[in-house]
Amino acid sequence: MCGIIGYVGTDEALPILADGLKNLEYRGYDSAGVALVNRDGIEVHKQAGEIDDLVLPDSSPETLGIGHTRWSTHGKPTDANAHPHVDCTGDVAVVHNGIIENYADLKAELREDGHEFTSETDTEVVPHMVEDELADGMSLPDAVATVVSRLEGSFALGVVAPGYDGIVATRRGSPLVVGHGESGNFIASDVPAFIEHTRQVSYIEDGDIAHVTPAGVSVEQDGEPVDRDVETVEWEAEAAEKGGYDHYMIKEIHEQPSALRQAISGRLDELHGDVDLDIDLPAEYLQSLEEIQIVACGTSYHAGLFAARLFEEYASVRASVEIASEYKFTGGRDPWRTLVVAVTQSGETADTLSALRRADQSGARTLAVTNTVGSTVTREADHSLYIRAGPEIGVAASKTFASQVATLTLLGVYLGRRRDTLGSSAASEILSNVRGLPGAVQQVLDDEDLVLEVAEEYADGDAFFFIGRGLGYPVALEGALKLKEISYDHAEGFAAGELKHGPLALVTPDTPTLAVLTDGTRPSETLNNVKEVESRGSPVVGCSSLEADEDLLDARFDVPELGVMEPLVANVYLQLFAYHVANLKGRSIDKPRNLAKSVTVE
Ligand code: F6R
């Protein structure tokens with residue numbers, strides 16, 4: 001996700017902001033910038049690229065400023081799209097994390113009133129809206145409160161303007177913390193941004209308007225003053241970067257509700273059973289489409305397997321999934337009526353890029369589904385669709401898998417609606433399940449103690465088998481991949497029906513089996529396979545939304561009811577299981593041996 005830092009006090013702001021940006025680097029970013037406020041105006045320095053390359057003045061006397069590291073979601077990583085953004089007068093500067101869903105309508109309205117925009121971002125509407133309120137005589141805090149009441153989406157904002165002796169900060173659904181220092185006060189998206197200056201922090205809540213001035217911090221909610229406790233952060237800087245978690249991976253597993261919210265934000269229209277994906281594939285092309293070929297590797301391949309099932313069902317189209325490194329042997333058939341979808345969170349995986357190039361050479365239309373705006377895959381594909389998970393630092397993919405599956409599900413609805421193969425009420429039902437994902441995933445995360453207990457019980461298994469049918473099959477593969485990557489244990493995922501065709505020979509009382517028993521996976525059939533392994537002595541852990549299966553299971557993880565999205569929710573239990581088994585064994589979870597986050601060789 002993007003990072004925010006802001007300072008006001010008696011020290012020079014520039015070095016504090018520059019250090020703050022460096023401290024935020026670990027979150028991943030593609031552009032950075034600062035705004036320094038003086039009595040007469042605002043000086044902005046911002047650029048796409050590395051923080052080390054950001055051109056800043058050697059020194060500045062100003063004692064008030066805001067800074068930002070951007071991870072693109074709307075608009076490419078360019079200098080113009082970097083934050084801070086300013087209004088027409090250049091007198092209001094804003095840094096923003098999150099997504100403003102109704103920005104297009106607001107932008108049109110502002111343009112009609114004569115405002116001029118210089119970026120493609122959703123953020124830029126905010127300084128222009130604040131400009132209007134200030135012109136009507138409002139104070140900066142009141143202007144910000146009025147503006148946010150018109151915003152839809154999730155955001156954290158820091159706003160400055162000459163004439164106001166501080167920063168106005170607010171949030172809805174995105175993190176924001178205030179730091180209380182000796183020589184001044186801070187705002188930030190997270191504590192590491194300012195930890196060398198102060199450990200005294202207050203966490204700002206949704207709807208709060210914080211006035212952060214050199215003299216202190218006051219907070220209002222609905223115009224009334226409120227108290228937000230000041231807490232002392234005990235973590236060291238490195239632990240603070242992980243938000244108090246032991247590893248990035250577990251932090252990222254816990255970030256899934258907000259990552260999913262971002263993935264679906266502004267894209268669902270449940271009323272009309274439709275989605276807005278901003279990918280403008282021509283209508284005639286979609287109607288004549290005969291095949292979708294998904295190319296991907298590893299976890300992204302598993303997301304592709306999940307999606308292919310849905311594409312076939314929703315869009316009545318043949319959908320195949322090819323391991324990207326194998327596509328050179330099979331790709332290129334019927335290019336004119338084929339859409340090739342490259343799924344890659346990094347957008348830089350060499351095998352996937354090579355498959356994409358082969359598809360392109362054969363004449364097929366290509367679509368990239370990725371987390372990384374401006375990555376190579378987005379430059380080479382005909383169309384791009386972003387999963388908006390925010391940067392993932394742990395080598396083993398976790399939140400990006402969830403966001404890939406959610407985004408690809410929306411793509412399935414998009415295709416089905418445009419090919420007239422999916423009715424609006426069926427689409428609405430799917431979308432309401434997608435909307436329920438963040439809450440359901442949170443319920444699973446709240447059950448983590450149980451997963452830890454089960455991991456303690458079975459961590460010493462000789463090998464682990466994961467089984468599922470239908471949408472449970474890619475989840476079984478993904479569960480096994482996660483466990484083998486980070487625990488180094490032997491783990492295999494199988495289509496549940498395949499067990500009896502060979503793998504059953506491996507099953508013993510020392511090989512626990514994890515089964516996906518949810519909607520979309522034909523659980524009653526999988527229960528027969530559960531019986532097969534159980535009668536060979538294997539303990540069985542079920543990720544289940546069934547009502548009665550306790551007698552067959554040695555341990556049960558409850559999956560909340562969520563229709564077609566249940567297998568994805570079950571996957572969160574498997575992520576937690578893999579994490580805790582690996583953690584009990586003291587493995588190098590964030591950087592497993594022999595693996596790299598971005599695999600740029602074929
Ligand atoms: C597994 C994992 C890898 C990646 C694979 C593709 O946890 O992270 O299997 O999924 O290397 O990477 P992307 O999605 O960047 O193309």
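Student: Which backbone does an oxygen atom of the ligand come up against, and at what distance?
Tutor: An oxygen atom of the ligand is 3.4 Å from a polar backbone atom of V395, where a polar contact is a pair of N or O atoms within 3.5 Å, and within protein one must be able to donate a hydrogen and the other to accept it, residues adjacent in sequence counting only if both atoms are side-chain atoms. This is a predicted model, in which local features need pLDDT of at least 70 and side-chain atom pairs count only at pLDDT 80 or more, while totals for chains, interfaces and linings use all residues. Residues are numbered from 1 along each chain as its sequence is written, and side-chain values use heavy atoms, with hydrogens and water left out.

Student: And how far is a ligand oxygen from the side chain of S300, or from that of T349?
Tutor: An N or O atom in the side chain of S300 is 2.5 Å from an oxygen atom of the ligand, and a polar side-chain atom of T349 also lies 2.5 Å from a ligand oxygen. The ligand taken alone exposes 400 Å², of which the protein buries 89%, with areas from the Shrake-Rupley method using a 1.4 Å probe and, for residues, only the protein chains shown counting as cover.

Student: Which residues come nearest to the ligand?
Tutor: There are 14 residues around the ligand, and S300, T344, S346, T349 and K482 come nearest; a residue is near if one of its heavy atoms lies within 4 Å of the molecule. The shell divides into 5 nonpolar, 7 polar and 2 charged residues, taking Ala, Val, Leu, Ile, Met, Phe, Trp, Tyr, Cys and Pro as nonpolar, Asp, Glu, Lys and Arg as charged, and the others, Gly among them, as polar.

Student: Why does the ligand lie between domain 2 and domain 3?
Tutor: Because domain 2 (248–435) and domain 3 (445–584) both give residues to the shell, the ligand lies between them, the bounds coming from an automatic or database domain assignment. Helices α9 (298–315) and α17 (472–487) each supply at least two shell residues, where helices (H or I, at least four residues) and strands (E, at least two) are DSSP runs numbered from the N terminus.

Student: Changing topic, what sits around T123?
Tutor: T123 is in the loop between α2 (103–112) and α3 (125–135), and with a relative accessibility of 1% it counts as buried, meaning under 20%, with exposed over 50% and partly exposed in between (1.4 Å probe, protein chains only). Beyond residues up to four places away in sequence, T123 touches H83, H85, V94, H96 and I100, contact meaning heavy atoms within 4.5 Å. The side chains of T123 and H83 are joined by a polar contact of 3.4 Å.

Student: What about the peptide bond from H83 to P84, cis or trans?
Tutor: That bond from H83 to P84 is cis, with omega near 0°, and P84 lies in the loop between β4 (64–70) and β5 (85–86). Most peptide bonds are trans, and most residues other than glycine have a negative phi.

Student: So which residue other than glycine has a positive phi?
Tutor: One of them is D222, with a positive phi of about 50°, placed in the loop between β13 (216–221) and β14 (224–226) and exposed at a relative accessible area of 71%. Another is S316, whose phi is near 45°; S316 is partly exposed at 49% and belongs to the loop between α9 and β19 (318–323).
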